[in-house]
Amino acid sequence: MYHYYYKSLCFFANDYLSDSDAAQDVVQDVFTQVWDNMPEVSEPSKLQAYLYAMVRNRCLNRIRTQQNLHKYQTNEMQEIAWDDDESVRIVKAEVLREIMASIEKLPERAQEVFKLSYLTQLREQEIADRLNISVNSVKTHKKRAKSILKDELRHLFSLISIFHL
Amino acid sequence: MDVFKLSALVVKYLRGNCDAQAQAKVEEWKAIKPANRNFIDDIHDSHLLGEKLKLYNSFDSNKAWGQFVITNKLKRNNTIYMQPLLKVASIIVLLISIGGVLYFLNTMREQPQQLTESSIQPGTSNAVLVVDNQSITLSDTVNVILEDKSELIASISNGQINYNNEVSSLLEMTVKVPIKSEYQFVLSDGTKVWMNAGSKVTFAHPFKGNTRSIKAEGEVYLEVAKDATRPFVVELPNNNSIEVLGTQFNVKAYPEEHLQKTVLVEGSVLWKSNNGKERLMEPGQLLLASNLDNGIEVKVVDVYPYIAWKNGYFAYENERLEDIMTSLSRWYGVTVTYQDEVIKDLHFSMDVKRYEHLNDILKMLEVTEKIYFTINGSEIIINKHN
């Protein structure tokens, strides 16, 4: 559960706080509270909504504290409602997890090369040096990653030539 | 629509495997608000998507989990474990590796009673310090002054070693922890060492030159004091080693076992094999090194079961019975005999206190009705239920 939600919740919190360290503090805080006092939720989807709601409430309270406003009085188990802005933030965090999951399903080498190329933005030569492989095999791994992802995320790829590989 | 159902729909849409109706729903959602449309447009932009994924991936869940475990999971001593009923419930039976489904129809069968008689005590805090051919028992009540050529080397009070860091000569010290024992002490640089039963740590006092080097065998958990100028190196059996830069990790490397297991909790370590292979480990990773073919494998794991022993628990997650029993035998000073080889490969999960009598733990394993134990002095015989 922790690993499944951690990054999405941090991303979501960061949308409010624009501070990745603070976002991680908030999320750790939420998991600690859940650990100390596991809410009685029957379905996983309820737990998910609950986690997002706890993160949201803490973020809003942090912002309010900074602005010297009254804190939100929240009952965390009450019916959770999202406004439009919050909804799109959640969709964003959830969608990124699934895209990342597709990347993490790539074979090990192809995944390493793809991450270094697309996320760390290293050149082919730099990747080759770092992984101690030839530039040609960097190219092969990239191609492989690209074709697998093209299949996995068909619509995302159909509109643009993504991942300028 | 529920926001999580919507998210799932958007994912399907991006994967290109949703039907016309679902697609229409996503298009409809896109049209409601500019923010929705912007989001969909943004993730179709290679550069913007890359930026988002980079941020997303910068949140390090392994590292955070390591910290979470240390601050939360390990301090829960007095909660659920005090209740015997819950304790039994915490045993989860896993994997029936014998083909087919087993039915336990003969509930009238007589249960073996052997477990109620003798009670086997757990290990205690106990070690021996060997310096210059002198052996000193390190228990909670021992107070000794160690001298060499009338120079104070170290004093031992309440079983803990206090070093004289100004010492002029160099001495080799070895801390040995026998079977049925565990021990915790601090090295002269402030590094904390937890040693499990049947382990040995050797180090020079003071550390020579600009590395802090120790030799370890058995199972050791280290919380290495930060010192960027002097790397900390752990030499393992079979000439493997671990180079450390301020960190917490567990290494299990008993010479008689062919697998060495290193688990990194926090920080970073460079693991080096005898034939020049190196792996830079990240928190949450388990490195398995085979002494048979020198092969190594790295996996991401929940670190808790690997370090539970140092906090007084036996925790196993879907572990082979033989591996569980090997640890138990070191801690309780018993030998184990298997009535049938298949028993060794049964898998169990458990999370119990290490300071229980062995019988209590065996009884819990018996609740699973897969196996039962008979005790003959210090020999445990494991039998299979038919």
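Trainee: Where is Pro206(B) found?

Mentor: Pro206(B) sits in the loop between strands β11 (199-205) and β12 (212-223) of chain B, where helices (H or I, at least four residues) and strands (E, at least two) are DSSP runs numbered from the N terminus. This is a predicted model, in which local features need pLDDT of at least 70 and side-chain atom pairs count only at pLDDT 80 or more, while totals for chains, interfaces and linings use all residues. Residues are numbered from 1 along each chain as its sequence is written, and chains are lettered from A and ligands numbered from 1 in the order in which they are written.

Trainee: And the peptide bond from His205(B) to Pro206(B), is that cis or trans?

Mentor: That bond, from His205(B) to Pro206(B), is cis, with omega near -5°. Most residues other than glycine have a negative phi, and most peptide bonds are trans.

Trainee: On phi, then, what is the value for Asn132(A)?

Mentor: Asn132(A) is not a glycine, yet has a positive phi of about 60°, and lies in the loop between α6 (124-131) and α7 (135-152) of chain A.

Trainee: Why does Asn132(A) count as exposed?

Mentor: Because Asn132(A) has 6 C-beta neighbours inside 10 Å; a residue is buried if 20 or more other C-beta atoms, placed from the backbone, lie within 10 Å of its own, exposed if 12 or fewer, and partly exposed in between.

Trainee: What about Asn294(B), which has a positive phi too?

Mentor: For Asn294(B), also not a glycine, phi is about 60°, and the residue is placed in the loop between β19 (285-290) and β20 (296-300) of chain B. With 14 other C-beta atoms within 10 Å, Asn294(B) is partly exposed.

Trainee: Switching to helices: how do α2 and α3 of chain B pack?

Mentor: Helix α2 (residues 20-32) and helix α3 (residues 34-43) of chain B pack at an angle of about 120°, with their axes 5 Å apart; axes are lines fitted to C-alpha atoms, for helices over the stretch in contact, and angles run from 0 to 180 degrees between N-to-C directions. That makes α2(B) oblique to α3(B), since angles under 35 degrees count as roughly parallel, over 145 as roughly antiparallel, 65 to 115 as roughly perpendicular and the rest as oblique.

Trainee: Which residues make the contact?

Mentor: Trp29(B), Lys30(B) and Ile32(B) come from α2(B), and Asn36(B), Arg37(B) and Ile40(B) from α3(B), where contact requires C-beta atoms, placed from the backbone, to lie within 7 Å.

Trainee: How many residues does the contact between the chains take?

Mentor: The contact takes 32 residues from chain B and 43 residues from chain A. On the side of chain B that touches chain A, α4(B) gives the largest share, ten residues.

Note on methods: Contact = placed C-beta atoms within 7 Å.
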